[in-house]
Protein chains: 2
Amino acid sequence: MGRKRLQTSADGRPTVHTVAARAGVSIASASRVLNGIGGSAETVRKVRAAAAEVGYVPNAIARSLQSQRTGLVALAVADIGNPVYVAMMRAIEAVVTSSGRQLLVHATGGEIESETDLLRRLANRYVDGMIMSPIRITDRHLDAIVVSPIPVVVVGQLPDDAPVDNVRTDSRAGVALAVDHLVAAGRQRIGLVNGPLDTVPGAARDAGFRAALASHGIPVDERLIEVGDFQYAAGRDAAARLFARAEPDALLCANDLIAVGALHALLTERRRVPEDVALVGMDDTELAQMAFPQLSSVSLGSAARGRRAAELLLERIADPDLPPRREHVAPSLVVRASSTVGRPTPGGTPSSRRPSSGGATRPGGRAAPADGTVGVTS
Amino acid sequence: MGRKRLQTSADGRPTVHTVAARAGVSIASASRVLNGIGGSAETVRKVRAAAAEVGYVPNAIARSLQSQRTGLVALAVADIGNPVYVAMMRAIEAVVTSSGRQLLVHATGGEIESETDLLRRLANRYVDGMIMSPIRITDRHLDAIVVSPIPVVVVGQLPDDAPVDNVRTDSRAGVALAVDHLVAAGRQRIGLVNGPLDTVPGAARDAGFRAALASHGIPVDERLIEVGDFQYAAGRDAAARLFARAEPDALLCANDLIAVGALHALLTERRRVPEDVALVGMDDTELAQMAFPQLSSVSLGSAARGRRAAELLLERIADPDLPPRREHVAPSLVVRASSTVGRPTPGGTPSSRRPSSGGATRPGGRAAPADGTVGVTS
DNA sequence: TTGTATGCGTTATCAA
DNA sequence: TTGATAACGCATACAA
């Protein structure tokens, strides 16, 4: 009997057996030394030497099969190109790495197949837990989550009875903050450039917008509502279509990508922002600060939601028997130059009016991101 | 003898044993049915039923230990916040998924520790291969790559003797394209806003800039060179510092994030772009098209490099014995409104002048991204 | 077709 | 301290 030829892995790489044989000890001793537990000075020396000589690298898969954990956590988002996910990812990563784990990100493209597929594959033990922020939530998603062998935390709206850990915000209230702000600034013909209505955020923004207008006694003019998708180009084109058929004095955009697109459309047509048209985005991403003029934007607390989701996930990994939890992060409005005529320069002005729908209004010009990340290119 | 109590996994989840016992067959039969090979109609029925009843989900780790592969490929980049990596990632993902694998992304923050750590952890079999695009390449990186049990492809410059698959561009030539273009447009006082000089791209841009000026007989004015990092805020601040002490009539920025920052600084000071100062970025990311005016930018073929890197990786996974390969992607210049006075509207004008240093100059206004990704928020 | 037995590479158990 | 051996959960060569 005896193993294969030279106690080497299938692809010829060294294993504990290789090291043990070379050091002249048992695999148990080799394993112990390699893990830093026990061993006489002489044994330790021999094993260390043997491992170095053959270039031994432990097989993480085998180790995980034994330990039932990989130390990996995954984040599944629709589109890494959207800065809101970058902010969320950074917050999550901070929490995850501080627990000694590593974060892996997967872009699903928003496709249901891809998302449930990912759940099927990664969740089958390749990662210890997963955070997902689906744009559309279907029964397929819920089924996949419930059957998943690993903990899953969802960022975004979920049916009330779903037994799934979940961190959400109130984007309807967020929309109300923006509308309140614009109305307080004297705007009456407020337009909306939204994403698809069959998405969770798209539907919420639409409903919130109509409700907010109603609360101010402003009738809804359907010509002032345009729908594209949540991308820059769609926002630019949708805004252009809207301007071709109506004359808004303010524009609320469903996210900052759309808002930057709308800004582009406005500037192309030589309209002044905010003098002719006030502009407000949503998500309060880096893009809002990068635009000129800087964009007012409704913060939906993406970083806070990410951080909280990560914390919930770690708690559940530690104790799988916890009951499902549901947490909320309140939206707030960050006012900058794109919606305030008096202050066209960076660093917006806080709105003094208390919004009707709860939530806070914050001054603009947050401190520069203090994370040590490095942007770079080839 | 006999297994634990109820042939169930350590954490109580069903295994093949659970299913087999419940179906009254051997684990071999259960495994076969579960994998869709063989089995009588009756056996198949019983196993399927049993699997469904207990909610069986295969353990991917155990399967991988057996098959020696996970079907996962990783991409390690410094900063997901930089759109250039988003473009690269999309190209890579297309190739990877079409091979039936899945792509996972990891943001390293550009820290050496994090990058070599990642190599140590993921590369130990959690993924079948890895693509990395480090901002700084140290001996630690090379050591870690060489010792890695899985294939690694590097996007970026590498020492010539490094036995590592590698896809690179010539950013010095790219810088020359930009300088040639600006000089041809009559600009003489060209500034550079660069990233850290101890990074591979930073050093290349600095050297390329000086060489390009020399080739036109323009003396280097150190006051026209500013260094920050590769981020938006740093670009904005560095540009402001530069304007405070010199009067450039053109500005070349080391990447698009810096360029957008510089644009912000220029507009804040009410300077006209491109009339007063022409602006050229690098990487030709989505940001270049989102800015107003749209930015001319040196394309370093990030999508092409990503695609090629993915192809190289898949080839090597299929045949680990291939010799190390080194591929090049030529830079090109995309001219848009920010550097051409005659055409301030979207859709730039191609430069007619053939650059001195090889490489192509392309017309601006590429078609909108046709990938089906969805940007979205909460 | 079905079951038995073994291996994947590692860690943990338990005598010695 | 050390070594033989049994898991971890799955797949498969081989024999029945």
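Which backbone atom lies 3.2 Å from a polar atom of the side chain of B:Ser299? Select B:Ser299 and look toward B:Gly301: the backbone nitrogen of B:Gly301 is the one at that distance. The pair is a polar contact (N or O atoms within 3.5 Å; within protein, one must be able to donate a hydrogen and the other to accept it, and residues adjacent in sequence count only if both atoms are side-chain atoms).

Before moving on, a word on the ground rules. This is a predicted model, in which local features need pLDDT of at least 70 and side-chain atom pairs count only at pLDDT 80 or more, while totals for chains, interfaces and linings use all residues. Residues are numbered from 1 along each chain as its sequence is written, chains are lettered from A and ligands numbered from 1 in the order in which they are written, and side-chain values use heavy atoms, with hydrogens and water left out.

Stay with B:Ser299 and colour by secondary structure. B:Ser299 sits in strand β10 (residues 296-299) of chain B; helices (H or I, at least four residues) and strands (E, at least two) are DSSP runs, numbered from the N terminus. B:Ser299 counts as buried because its relative accessibility is 8%, the limit for buried being under 20% (1.4 Å probe, protein chains only).

Next, show chains A and B together. Here 79 residues of chain B are in contact with 79 residues of chain A, contact being heavy atoms within 4.5 Å. The two chains bury about 7000 Å² between them, 60% of it on carbon and sulfur atoms; this is the accessible area (1.4 Å probe) lost on putting the two parts together, summed over both.

Now zoom to A:Asp79 and B:Arg90. They form a salt bridge with closest N and O atoms 2.5 Å apart, where a salt bridge is a side-chain nitrogen of Lys or Arg within 4 Å of a carboxyl oxygen of Asp or Glu. Among the elements giving two or more residues to the chain B side are α5 (83-98) and α9 (200-215).

Finally, select DNA strand C. It is surrounded by 29 residues, each with a heavy atom within 4 Å of the strand. At B:Ser29 the corresponding distance to a phosphate oxygen is 2.7 Å. For a base, go to B:Gln66: a polar side-chain atom there lies 2.3 Å from a base nitrogen of DNA strand C. End on α2 of chain A, which gives the most to this surface, with 4 residues.

How values were computed. Buried means under 20% relative accessible area, exposed over 50%, partly exposed in between (1.4 Å probe, protein chains only).
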